[in-house]
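Thank you all for making time this morning. I would like to walk you through one protein, going from its overall order of elements to the contacts inside it, so please keep the picture in view while I talk.

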Amino acid sequence: HTDVQKLLSQVDSKKDFADIQLVEHTISLDWSCLALLCDAYDMNKSTRMHIHSKLAPHKVAFHIERTNNEKNAQNDDLNRFVLYLNNMLRTKGLNTLLTTSEQIIDTCLVPFIVSVDTTSLENGIIHIRDRSTTLSEAIHVTDLVKYISLRC
């Protein structure tokens with residue numbers, strides 16, 4: 001029975017109330033978020049959480065793949081390119097994280113990591129790695145906002 005008053009009106013006053021059971025379902029945003037967080041915790045060998053991408057505070061982190069023999073001019077171009085991508089996502093309301101440390105990216109549980117290298121400057125192809133699936137996809141720069149928006 002979903003309604004207590006309806007249940008009590010149907011029950012005859014002569015019957016015993018010990019056999020009547022009622023299950024009441026309640027839902028709230030707090031309990032829903034707690035359930036998602038508890039589902040994200042993996043109790044196997046690692047103590048990592050795989051937080052849902054809609055609950056993650058930062059949606060995208062950027063990683064610049066550099067080789068040791070690159071020139072400073074190419075480094076500056078890559079930095080400007082990452083800033084352009086960062087601003088493009090932030091204008092659409094998606095939170096990003098700019099850092100050079102892989103440890104910070106792991107600590108902040110960023111669901112998507114965008115990798116940029118010198119070939120990205122030439123052809124506009126960037127690689128996006130999804131933390132939950134650990135798969136990497138190559139997309140064009142113009143599809144970045146659409147790609148992230150559909151998944152967050």
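Starting at the N terminus, the elements follow the order α-α-β-α-β-α-β-α-β-β-α, which gives six helices and five strands, where helices (H or I, at least four residues) and strands (E, at least two) are DSSP runs numbered from the N terminus. Please bear in mind that this is a predicted model, in which local features need pLDDT of at least 70 and side-chain atom pairs count only at pLDDT 80 or more, while totals for chains, interfaces and linings use all residues. Residues are numbered from 1 along each chain as its sequence is written, and side-chain values use heavy atoms, with hydrogens and water left out.

Let us look at the end of the chain. Strand β4, residues 125-130, pairs with strand β5, residues 136-140, in the antiparallel sense over five bridges, and two strands are said to pair if DSSP finds at least two bridges between them. Within this pairing, His127 has Ala138 of β5 as its bridge partner. The two strands form a hairpin with five residues between them, and Thr134 in the turn has a positive phi of about 55°.

Now, which residues have the most contacts inside the largest nonpolar core? They are Leu85, Ile126, Leu144 and Ile148, in a core of 21 residues. A nonpolar core here is a set of buried Ala, Val, Leu, Ile, Met, Phe, Trp, Tyr and Cys residues joined through side-chain atoms within 4.5 Å, and buried means under 20% relative accessible area, exposed over 50%, and partly exposed in between, with a 1.4 Å probe and protein chains only. At least two residues of this core come from each of β1, α3, β3, β4 and α6, and α3 gives the most, with six. Taking Ile148 as an example, and leaving aside neighbours within four places in sequence, we find Ile148 in contact (heavy atoms within 4.5 Å) with Val60, Leu89, Leu94, Phe112 and Ile128.

Finally, the structure holds one salt bridge, meaning a side-chain nitrogen of Lys or Arg within 4 Å of a carboxyl oxygen of Asp or Glu. Arg80 forms this bridge with Asp77, their closest N and O atoms being 2.9 Å apart. The two residues are about one helical turn apart because they sit three residues from each other in helix α3. Arg80 is exposed, at 52% relative accessible area, whereas Asp77 is partly exposed, at 35%.
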